[in-house]
Structure formats: structure tokens, C-alpha cells
Amino acid sequence: MKKLIATLLALSTTPAFAAGGPFFSLHNTNFVVLLAFIVFVSVLLKFGVPGKVAAMLDARAAQIKADLNEARALRDEAKALLASYDAKKLEMQEQSARIITSAKEEAEAAAKQAKADLKDSNARRLAAAEEQIASAEASAIRQVRESAISVAVAAAGEVLAKQATAETASASIDAAIATIDAKFH
């Protein structure tokens, strides 16, 4: 039966049968188009196509909405991550500036300490050199004195030897013995 109706409808929509005439006639193209449209809409309604289309559109809208929400969440997460990285970058820059400042201060302190150590070292070396010079000077003076004493003793010995006679030598020996005897008793 359905095949018969479909065949009749197909034949009735041909231009040969759709010639002019009264409106409610199968020979009127407007009426045939109206009937085909009503049948088409009825078939769509019978099989629930509008509900299915609406459900598909609603599902698609829900999916798009979910995608948009996910995209917003991802964007917010990316913004938070970017802010976190910016904060870390700023913190690292501040930390590197503190490290550089600290290193400069330590270098300046080390330089000051090195200068002070160098001054102390130079002062100690200068004092040691002055001590060596004073010691060398005292040693030289002592050697000169010893040499002078040796020369004076030798000269005195020569003078005494030239001036000494047997009597004076014997008197001198007696006087020395008397001095020694006086000191021991």
C-alpha cells in the first residue's frame, strides 16, 4: 500500500499532470506541492525527526558549552601558570641581584682584608728588616770595638814591652801578685 501511495504521489507531481485547473485538483502544481509538503512533514513528525534534531542540536550545544568551559578553565590555568612563572622569574631576578650584591660586598671586604694583611705583612717585614739592620749595626760596632781593643792591647803591649826593663817588669809582677793576694784573702 505504501508503495502504491508513493508511486501515485511521484506520478502526480510530474509536470504533465500539474496543469492548470481548480486548486484542489491533482492537476494544480501548487496543490500537489502542498500535499507533498504535508506528507513530508507528517513523515518527519511520525518518526520524531524534529525531536531527534533538537536533541542533536542540544547535545551539540552542550558539547560546545563544555568545550568553551574547558577552554576557559585552560585559559585561567594558563594565566595562573604564567603568573606563577612571572613571579618565579621576578624572584630569581631579585635573588640574582642579591647574590651579585653579596658577592660584590664579599669581594670588597676581601680586598680590604687583603690590603690590611698586606700592610701588616709590610710592617712586620719592615720591623724585621730594621731589627736585622740594628743587629748588623750592633755587630759591626762590636767587631770594630773588639778590633780597636785588640789593636789597643797590641799597641799597649808593644809600648810596655819597649818601656819595660827588668826592674819594672819584676815590680809589675810583684804588684800583680799583691793585688791577686789581696783579692783572694
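Where does Asn-28 have its place, and between which helices? The close-up views below take up this residue and its surroundings in a predicted model.

**Figure 1. The whole chain at a glance.** Let's get our bearings before zooming in. The protein chain contains four helices and zero strands, and its elements follow the order α-α-α-α when read from the N terminus. It has 185 residues, of which 4% count as buried. Its accessible surface amounts to about 15800 Å², and carbon and sulfur atoms account for 67% of that area.

**Figure 2. Asn-28 in its loop.** Here is the reply to our opening question: Asn-28 sits in the loop between helix H1 (2-12) and helix H2 (29-46). Is Asn-28 buried or exposed? Its relative accessibility is 11%, and because buried means under 20%, Asn-28 counts as buried. Look also for Asn-30: its backbone nitrogen is 3.2 Å from a polar atom of the Asn-28 side chain.

**Figure 3. Phe-23, another residue of the loop.** Phe-23 also belongs to the loop between H1 and H2. With a relative accessible area of 39%, Phe-23 is partly exposed, because this value falls between the 20% limit for buried and the 50% limit for exposed.

Figure 4. Which residues make the nonpolar surface patch? Phe-23 from the previous view is one of them, together with Phe-24, Leu-34, Phe-37, Ile-38 and Phe-40. The patch covers about 660 Å².

Notes. Residues are numbered from 1 along each chain as its sequence is written. This is a predicted model: local features need pLDDT of at least 70, side-chain atom pairs count only at pLDDT 80 or more; totals for chains, interfaces and linings use all residues. Side-chain values use heavy atoms; hydrogens and water are left out. Helices (H or I, at least four residues) and strands (E, at least two) are DSSP runs, numbered from the N terminus. Buried means under 20% relative accessible area, exposed over 50%, partly exposed in between (1.4 Å probe, protein chains only). A polar contact is a pair of N or O atoms within 3.5 Å; within protein, one must be able to donate a hydrogen and the other to accept it, and residues adjacent in sequence count only if both atoms are side-chain atoms. Patches are made of residues with over 30% relative accessible area and no salt bridge: like charges are joined within 9 Å, nonpolar side chains (Val, Leu, Ile, Met, Phe, Trp, Tyr) within 5 Å. Accessible areas come from the Shrake-Rupley method with a 1.4 Å probe; for residues, only the protein chains shown count as cover. A salt bridge is a side-chain nitrogen of Lys or Arg within 4 Å of a carboxyl oxygen of Asp or Glu.
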